[in-house]
Amino acid sequence: MKLTSIQKRYGDAVALEIPELELKTGEITAVLGESGAGKSTLLGIISGMIPAEGSTEGVGKVSYLFQSAKLLPNLNALQNLLFVLPKGSDEEKAREMLARVGLQGKEGRYPHELSGGEKQRVAVARAFLFPHDTLLMDEPFSAIDLSLKKSLVELVVSLWQETHDTVVFVTHDVHEAALLSHRAVVLKGGRVVADFPVAGELPRDFFNRHSAESELVRALV
Amino acid sequence: MKRFKIQKNFIFSLFSVVFLWLFWLIAYFIVRNDYLLPSVWDTLRETGRLMGTGEFWRAFGGTLLRTLVAFVLSLVSGTGLAVTARLFTGVRAFFAPIVSVLRSLPTVAVILVILLWTSPAVAPVIVSMLVLLPAVYSAALSAFDEVQEEYGELIRAFRVGKARSAVKFYLPLAAPPVLGQAGGIFSLGLKITVSGEVLASTYRSLGGMMQEAKMYVQMPALLALTLVTVLTGFLLEGLCRLACRLLVRWRR
């Protein structure tokens with residue numbers, strides 16, 4: 001995926017300015033930055049939901065994992081998956097995916113009958129099941145407790161190991177970025193201030209501090 | 001806690017009924033003229049007598065049917081127009097002045113005009129529909145806007161088609177707030193239908209019976225019919241609330 005001469009302005013203020021950014025296919029790229037750094041704007045531009053100057057190549061079809069699960073309350077877990085899938089999609093595959101994320105037997109439950117973690121698992125299943133070339137994740141672990149974060153990070157890594165998707169992952173948490181990415185891009189004031197590989201194979205140990213974390217903290221502060 | 005709240009609300013509602021009854025009683029003793037304001041007792045006795053006649057039930061059925069037809073037609077067309085306005089750019093702006101005109105139409109003038117074009121049985125339905133349509137449209141559109149605000153990002157991100165969005169997203173998610181207001185809209189429909197029937201002297205209608213009672217200065221009958229209309233309005237609101245509870249099984 002290649003972004004060239006990207007510029008997004010809101011009035012006179014530059015929200016994002018990226019002369020060139022190339023992301024490797026089949027890798028997870030973490031985009032870090034403080035609030036207002038332009039992280040979500042970058043995801044919006046990649047997905048095509050936010051119009052901007054410049055060009056994006058090789059993005060293909062995009063799937064999304066949001067900060068909140070965003071499940072439709074009137075549809076059960078299985079129907080929430082089928083809702084976004086193209087017409088005539090295999091229902092069995094959706095059931096298998098729900099079983100894969102640990103929700104076997106809970107396909108018929110409505111969101112209000114699921115726990116917060118289970119809702120986010122349905123959202124993960126939906127994001128990986130939706131036919132895509134690129135998966136965009138917008139701070140999906142930021143509003144959850146630590147033990148849930150651990151299980152969801154492990155789930156996302158294990159699903160990625162099966163698909164080897166190109167993933168762009170926005171976060172403000174250096175630990176998450178170090179755990180889950182092959183590469184980290186740090187944004188500050190809408191510009192890329194650091195861009196470096198994160199060493200080590202996935203999955204990584206949740207309890208160990210990773211060497212990339214200190215480098216990320218330095219770039220952020 | 002919830003039960004206590006329901007009990008408390010019931011007691012306050014009961015106070016309100018007692019207040020209205022006292023108001024009527026005081027007004028009766030001030031006016032002291034049965035031709036102008038009959039007593040509560042006389043009115044209730046007349047209500048009972050009317051309910052024992054076939055003529056009343058035929059009139060009641062006719063009015064209820066007209067109200068129901070107007071309500072269903074405005075619910076279907078108002079919701080349909082609101083879906084179209086939500087899904088297609090420009091349609092909302094196109095509808096805005098039309099809805100404003102419909103909202104500010106003087107009901108009595110419209111009844112008189114429509115009476116010239118149609119029959120006394122049909123005119124109340126059309127007028128009621130013209131009054132209800134903007135109410136349903138606005139309720140549905142604001143419910144759709146709320147739904148869009150909360151879940152619109154999901155629809156855009158996964159590029160869900162318009163037909164699927166309408167059927168599985170907008171309509172079901174907007175149903176609870178729209179059905180929540182439907183009771184009030186239905187009740188308003190009854191009021192407008194009866195007004196139309198009074199002006200049109202519609203055969204076999206509560207409004208027609210009211211007009212007849214007024215002509216022969218039968219005040220207890222007039223108030224009894226008014227009381228029936230008010231109570232039917234309450235009943236329709238309650239039925240809509242019940243339908244909402246039965247139809248919507250999910251929670252946000």
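What share of the contacts in chain B with a separation of 6 or more comes from residues 24 or more positions apart? Such residues account for 76% of those contacts, where two residues are in contact if their C-beta atoms, placed from the backbone, lie within 7 Å.

Before going further, note that this is a predicted model, in which local features need pLDDT of at least 70, side-chain atom pairs count only at pLDDT 80 or more, and totals for chains, interfaces and linings use all residues. Residues are numbered from 1 along each chain as its sequence is written, while chains are lettered from A and ligands numbered from 1 in the order in which they are written.

## Chain B and its helices

Chain B holds 9 helices and 0 strands. Helices (H or I, at least four residues) and strands (E, at least two) are DSSP runs, numbered from the N terminus. Read from that end, the elements of chain B run α-α-α-α-α-α-α-α-α. The C-alpha trace of chain B spans about 70 × 55 × 30 Å along its principal axes. Of its 252 residues, 35% count as buried; a residue is buried if 20 or more other C-beta atoms lie within 10 Å of its own, exposed if 12 or fewer, and partly exposed in between, with C-beta atoms placed from the backbone.

Just after H8(B), B:Val217 takes a positive phi of about 50°.

## Two helix pairs

Two packed helices are described by the angle between their axes and the distance between the axes. Here, axes are lines fitted to C-alpha atoms, for helices over the stretch in contact, and angles run from 0 to 180 degrees between N-to-C directions.

| Helix pair | Angle | Axis distance |
|---|---|---|
| H2 (residues 40-51) and H9 (residues 219-247) of chain B | about 75° | 8 Å |
| H4 (residues 91-104) and H6 (residues 123-157) of chain B | about 130° | 8 Å |

H2(B) and H9(B) are therefore roughly perpendicular to each other, whereas the angle makes H4(B) oblique to H6(B). Angles under 35 degrees count as roughly parallel, over 145 as roughly antiparallel, 65 to 115 as roughly perpendicular and the rest as oblique.

In the H2(B) and H9(B) pair, B:Asp42, B:Thr43, B:Glu46, B:Thr47 and B:Leu50 of H2(B) meet residues of H9(B), including B:Pro220, B:Leu223 and B:Leu227. The residues of this contact divide into 7 nonpolar, 2 polar and 2 charged. Ala, Val, Leu, Ile, Met, Phe, Trp, Tyr, Cys and Pro count as nonpolar, Asp, Glu, Lys and Arg as charged, and the others, Gly among them, as polar.

In the other pair, B:Val99, B:Leu102 and B:Arg103 of H4(B) meet B:Leu130, B:Leu133, B:Pro134 and B:Tyr137 of H6(B). By class, the contact of H4(B) with H6(B) has 6 nonpolar, no polar and 1 charged residues.

## A sheet in chain A

Chain A has an open sheet of 6 strands in the order E5-E6-E7-E3-E8-E9, with mixed pairing. Two strands pair if DSSP finds at least two bridges between them. Strands E5 (62-65) and E9 (191-197) of chain A stand at the edges, each with a single partner strand, so one side of each is left without a neighbour in the sheet. Strand E6 (residues 134-138) of chain A runs parallel to strand E7 (residues 166-171) of chain A, and 5 bridges join them.
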